[in-house]
Structures are given as structure tokens and as C-alpha cells.
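Let's take a friendly walk through a protein model, starting with the whole thing and then stopping at a few residues. Have a look at the sequence and the 3D view first.

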Amino acid sequence: MGPFASVLAHSWAGIAAKYELDIPTARREFREAFEIGCGVGSRSHAARLAGALLGELLYEAGELDDAARMLEMSYGLGPDGGGVDYLAARYVASAKVKAAQGDLSAAAERLDAGMKTAENLQLPRLAAAINNERIRLGIGIAPSVAARLRSVRAIPRDDGIATIIAELDEESAVRLLLASGSADEQEQAWRRATQLLAGMDARRRPLAALRAELLLAEICSRTGRSADPTIPAVARRCRDIGLPRLLVDAGLG
């Protein structure tokens with residue numbers, strides 16, 4: 001197996017481990033993929049590809065300087081190479097880093113570039129992730145997109161990609177409702193976030209369930225439900241597994 005194939009193999013092993021919340025294994029696999037890629041060349045396509053996934057995980061672990069270095073290197077690839085997981089890291093995670101550094105304009109530019117890639121390559125999962133991050137950062141979206149996202153949806157349970165897209169769109173809807181300032185819409189946000197979490201099988205999809213728990217905890221914190229047990233439970237879990245930045249991004253850190 002050549003070096004590029006090895007990079008892909010370790011990268012996908014890391015992605016699988018991360019979805020299972022096996023963060024030490026994910027970090028080890030992403031690091032191995034990156035080091036193999038650097039063996040080809042420190043700025044090779046393989047190294048940049050692996051660096052996106054490692055950079056995203058380092059960001060979530062709170063290691064912002066190292067994450068910024070990895071993601072900046074990977075961002076130079078643009079839309080070339082890798083599937084949606086790589087592209088989401090390249091555009092969404094790098095936008096998160098820019099925002100954390102206080103450069104919201106640069107974050108918006110990264111997300112705009114990501115949306116252009118999603119539209120050109122017809123990648124609805126990437127588009128959903130871009131919209132979700134735009135809303136989280138308070139970056140404006142088109143009224144027609146906001147209206148579509150806010151509409152009530154059924155989340156399919158028999159199609160993995162369709163499920164992820166619908167869940168991202170539902171999280172976006174919850175954030176839009178939460179930001180409205182209307183007590184009625186904030187109540188809708190809490191109800192829909194509760195239903196989103198209730199519909200997940202946390203044993204089969206622990207990372208997705210954790211993100212839904214974080215969303216619900218954020219809403220509880222921002223709508224006067226600070227005594228809700230969801231908040232300390234999810235905060236403790238994020239710290240225990242080594243992903244404290246998820247708390248910061250949810251306004252809980």
C-alpha cells in the first residue's frame with residue numbers, strides 16, 4: 001500500500017473513531033496519517049489532506065495554535081481532494097479558528113468559499129454544515145434559506161447522509177429560533193432541540209448525540225433553565241473526553 005493510500009486508511013480510521021468518541025484513537029490515527037503525508041513532503045497533498053482532520057480535532061481539543069497551523073496549511077488545497085469530512089474540516093473548522101482569533105471577516109470568507117465549493121460540487125452535507133456555522137457565528141444568511149431551515153421537518157432514520165443533513169438543518173433551525181428574541185420561538189427552540197436529542201440512538205451515534213446534548217444545554221443556559229441537569233452532565237463529558245472547545249462554542253465554557 002503506497003503512502004497516499006496509507007494516509008487515507010489512517011484518516012478514515014480516525015474519522016470512525018471520532019464518530020464513536022474514541023478521541024485518543026482518533027488523534028493517534030490522524031497524527032499517523034499526517035506524519036505519513038509529511039514523509040512524502042511537508043506541504044504535500046497527502047499531508048495537507050490529513051492535516052485538515054488533525055487540525056479540526058486539535059481545535060475541538062482547545063489546542064488553537066496547532067489547529068490554526070494545520071488548518072491554514074490544509075486550506076491551501078481549496079476544493080481539491082478528500083470527501084465531505086475533509087472539506088468540512090478545511091472550511092468550517094478553519095472558520096471556527098478564525099472566529100476564535102477574533103477575525104470574523106476571515107471566518108465569513110472561509111464559509112463563503114466553502115459554500116461555493118458545496119454548490120459547485122453538489123454537496124448538500126457540506127452546505128448544511130456551512131449554513132449551521134454561519135448561523136452559530138451570527139453571519140447573515142438569505143431570508144429564503146432561513147425560512148427553509150426554520151420549517152418543521154421529519155428526520156429520516158434509514159439514510160445516514162440524509163439523516164446527518166436533516167440533523168444539521170434542524171440544529172440550524174433551533175439556533176435561528178433561539179436568536180429571534182421571541183419567548184414563543186425560544187420555547188419552540190427548546191422543544192425542537194429536546195426532540196432532536198430524543199430521536200437519536202446515543203449508543204450507535206455517540207458523537208451526534210453529544211452535539212445534540214450540547215445544543216440542548218446551550219438553549220437551557222440561554223433561556224433561564226440553568227438548573228437543567230443536561231448542562232453539568234454534558235460539560236463534564238466534554239472535559240472528560242478531551243474536547244473542551246465544544247463547550248466554548250456552545251457558550252458553556
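The radius of gyration is taken over C-alpha atoms here, and the globule rule is 2.2 Å times the number of residues to the power 0.38. With 253 residues, a compact globule would come out near 18 Å, and this protein has 18 Å, which agrees. Before going on, a word on ground rules: this is a predicted model, local features need pLDDT of at least 70, side-chain atom pairs count only at pLDDT 80 or more, and totals for chains, interfaces and linings use all residues. Residues are numbered from 1 along each chain as its sequence is written, while side-chain values use heavy atoms, with hydrogens and water left out.

**The overall picture**

What secondary structure does the protein have? There are 13 helices and zero strands, where helices (H or I, at least four residues) and strands (E, at least two) are DSSP runs, numbered from the N terminus. If you read along the sequence, the pattern is α-α-α-α-α-α-α-α-α-α-α-α-α. The C-alpha atoms fill a box of roughly 55 × 40 × 35 Å, taken along the principal axes.

How much of the protein is buried? Of its 253 residues, 52% count as buried; buried means under 20% relative accessible area, exposed means over 50%, and partly exposed is in between (1.4 Å probe, protein chains only). The protein exposes about 11,300 Å², and carbon and sulfur atoms supply 53% of that. Those areas come from the Shrake-Rupley method with a 1.4 Å probe, and for residues only the protein chains shown count as cover.

Now for contacts, meaning heavy atoms within 4.5 Å. Among contacts in the protein with a separation of 6 or more, residues 24 or more positions apart account for 57%.

Charges come next. Lys and Arg count as positive and Asp and Glu as negative, while His and the chain ends are not counted. The place of a charge is NZ of Lys, CZ of Arg, CG of Asp or CD of Glu. The mean positions of the 32 positive and 33 negative charges are 1 Å apart.

**Cysteines without a bond**

A disulfide is a covalent bond between the sulfur atoms of two cysteines. In this report it is a pair of cysteine sulfur atoms within 2.5 Å, and by this rule the count comes to zero. Why does Cys 220 have no bond? Its sulfur is 15 Å from the closest cysteine sulfur, in Cys 238, and that is too far. Cys 238 is in no disulfide either, with the sulfur of Cys 220 as its nearest one, 15 Å away. Cys 220 counts as buried because its relative accessibility is 0%, and Cys 238 is buried at 0% too.

| Residue | Relative accessible area | Class |
|---|---|---|
| Ile 241 | 21% | partly exposed |
| Glu 213 | 19% | buried |
| Ser 74 | 0% | buried |
| Glu 133 | 2% | buried |

Ile 241 sits in helix α12 (residues 230–241). Pro 24 is 217 residues away from Ile 241 in sequence, but their C-alpha atoms are 8.5 Å apart in space. Setting aside neighbours within four places in sequence, Ile 241 is in contact with Leu 21, Ile 23 and Leu 210.

Glu 213 belongs to helix α11 (residues 206–222). With the neighbours within four places left out, its contacts are Leu 197, Thr 230, Val 234 and Arg 237.

Ser 74 is part of helix α4 (residues 64–75). Its C-alpha atom is 6.3 Å from that of Arg 90, 16 residues along the chain. Not counting residues up to four places away in sequence, Ser 74 touches Arg 48, Gly 51, Ala 52 and Arg 90.

Glu 133 is found in helix α7. Between Glu 133 and Val 92 there are 6.9 Å, C-alpha to C-alpha, with the two 41 residues apart in sequence. Glu 133 touches Val 92, Lys 96 and Leu 111, again not counting residues up to four places away.

**Two loop residues with a positive phi**

Most residues other than glycine have a negative phi. Leu 21 is not a glycine, yet its phi is positive, about 65°. Leu 21 lies in the loop between α1 (3–19) and α2 (23–40), and with a relative accessible area of 12% it is buried.

Gln 122 also has a positive phi, near 55°. Its place is in the loop between α6 (104–121) and α7 (124–137). Is Gln 122 buried or exposed? At 67% relative accessibility, Gln 122 counts as exposed.
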